[in-house]
Amino acid sequence: MYKKEKKVAENFTPTVHIKANKDQVAPIVIMPGDPLRAKHIAENFLQDVIEINHVRNMLMYTGTYQGKRITIAGSGMGMPSIGIYSYELFKFYDVACIIRIGSMGSYQEQVSVYDIINVEKAYSESTYAKFAANINDQTISSSSDICNIIRQTAKKLDQIQNFQNDKINLKTGLIHSSDIFYRAKDDEWKTDSKIKETLGVEMEAFALFANAKYLKKSAGCILTVSDSFITRESINAAMRETNFKKMMILALESAVNYYKESKINDNFSNRN
């Protein structure tokens, strides 16, 4: 279904962590945490793919989807990592919008494994926003423009034949961005009043939203529930890397719709 043509970019002009020419990065970036997931998306969904970064094995690719140029970039795990990459993409590569895609653990009985979440707000105990973006709030919203586009795109996809028997049924809400994967109090999600309000937990969205707010850019986040703190059901690592197809398509289609609604002028669209 998708034409695949991989090329390798040349004549790198580095920032501190990304070695890519400015014109090799698209105005819209889809950012999974796992660089191998970035590779999978690029090679299976994009056309005319160019690898634009492999420094520290943080793989990044640019190609086209439905004629629109999109960059797929790994972020690594945690707020410090996505904080670096998203800041550099926004600040030094003039990226207009980043859509994070990733996995999350569910805190709520009504949020099941494989559910897809459109993150409206992220709560965190992290001090990332305070020191990186001079934001003292513990809850930061995603950008309303891309959040609404994701919501509307999901509704449209649910009407397409391919999704009739497997609808997205998108949930929108508040999530918990944690700095901690292994907590000394591993049942804190049951007792902390603020955490209990959230749908589930991941480790990056809060920092991405803080950078976007600070730099006056757009940022959204789509998450697939990979495990449940309620039922203890879990998806293994191999399945997480390749089988989040609905989330990937939702992100790509949302990126195309962001192009249309924001009327971004991609001056470099024909240079690769």
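Guide: Rings of Phe, Tyr and Trp (for Trp, its six-membered ring) pair if their centres lie within 6.5 Å; planes under 30 degrees apart count as stacked, over 60 as edge-to-face, and the rest as tilted. In this structure, Tyr107, Trp189 and Phe229 form one aromatic cluster. The model is predicted, so local features need pLDDT of at least 70 and side-chain atom pairs count only at pLDDT 80 or more, while totals for chains, interfaces and linings use all residues. Residues are numbered from 1 along each chain as its sequence is written, and side-chain values use heavy atoms, with hydrogens and water left out.

Visitor: How many aromatic pairs does the structure hold?

Guide: There are five aromatic pairs. In one of them, the ring centres of Tyr107 and Trp189 are 5.7 Å apart and the planes meet at 5 degrees, so this pair is stacked. Helices (H or I, at least four residues) and strands (E, at least two) are DSSP runs, numbered from the N terminus.

Visitor: Are Tyr107 and Trp189 buried or exposed?

Guide: Both Tyr107 and Trp189 are buried. Buried means under 20% relative accessible area, exposed means over 50%, and partly exposed lies in between (1.4 Å probe, protein chains only).

Visitor: What does the chain contain as a whole?

Guide: The chain has nine helices and eleven strands. Of its 272 residues, 54% are buried. The chain exposes about 12900 Å², with carbon and sulfur atoms supplying 47% of that area; such areas come from the Shrake-Rupley method with a 1.4 Å probe, and for residues only the protein chains shown count as cover. A contact means heavy atoms within 4.5 Å. Among contacts in the chain with a separation of 6 or more, 76% are between residues 24 or more positions apart.

Visitor: How many salt bridges does a search of the whole structure find?

Guide: Side chains of opposite charge can pair when their charged atoms come close. The cut-off used here is a side-chain nitrogen of Lys or Arg within 4 Å of a carboxyl oxygen of Asp or Glu. The search finds six salt bridges. One of them joins Arg100 and Glu202, whose closest N and O atoms are 2.9 Å apart. Arg100 lies in strand 6 (residues 97-106) and Glu202 in strand 10 (residues 200-202), so the pair ties together parts that are 102 residues apart in sequence. Arg100 and Glu202 are both buried.

Visitor: Which residue forms a salt bridge with Lys171?

Guide: The partner is Asp115, with the closest N and O atoms 3.0 Å apart. Lys171 belongs to strand 9 (residues 171-177) and Asp115 to the loop between strand 6 and strand 7 (116-123), so parts 56 residues apart in sequence are tied together. Lys171 is partly exposed at a relative accessible area of 26%, whereas Asp115 is buried at 17%.

Visitor: Where does the salt bridge between Glu125 and Arg183 fall in the chain?

Guide: The closest N and O atoms of Glu125 and Arg183 are 2.8 Å apart. Glu125 is in the loop between strand 7 and helix 3 (128-133), and Arg183 in the loop between strand 9 and helix 5 (188-191); they are 58 residues apart. Glu125 is partly exposed at 33% relative accessibility, and Arg183 is partly exposed at 23%.

Visitor: Which residues touch the most other members of the largest nonpolar core?

Guide: In soluble globular proteins, nonpolar side chains tend to be buried together. A nonpolar core is a set of buried Ala, Val, Leu, Ile, Met, Phe, Trp, Tyr and Cys residues joined through side-chain atoms within 4.5 Å. The largest one has 42 residues, and Leu89, Ile117, Ile175 and Phe209 touch the most other members. Elements that each supply at least two residues include strand 3 (47-53), helix 2 (79-92), helix 7 (205-215) and strand 11 (218-228). Helix 7 gives the largest share, eight residues. A second, separate core of 38 residues includes Ile72, Ile149, Leu250 and Tyr259.

Visitor: How many of the residues of helix 7 are buried?

Guide: Nine of the eleven residues of helix 7 are buried, among them Phe206, Leu208, Phe209 and Asn211. Just after helix 7, Lys216 takes a positive phi of about 60 degrees.

Visitor: How many disulfides does the structure hold?

Guide: The structure holds zero disulfides, taking a disulfide as a pair of cysteine sulfur atoms within 2.5 Å. Cys97 is buried at 0% relative accessibility, and Cys221 is buried with a relative accessible area of 0%.
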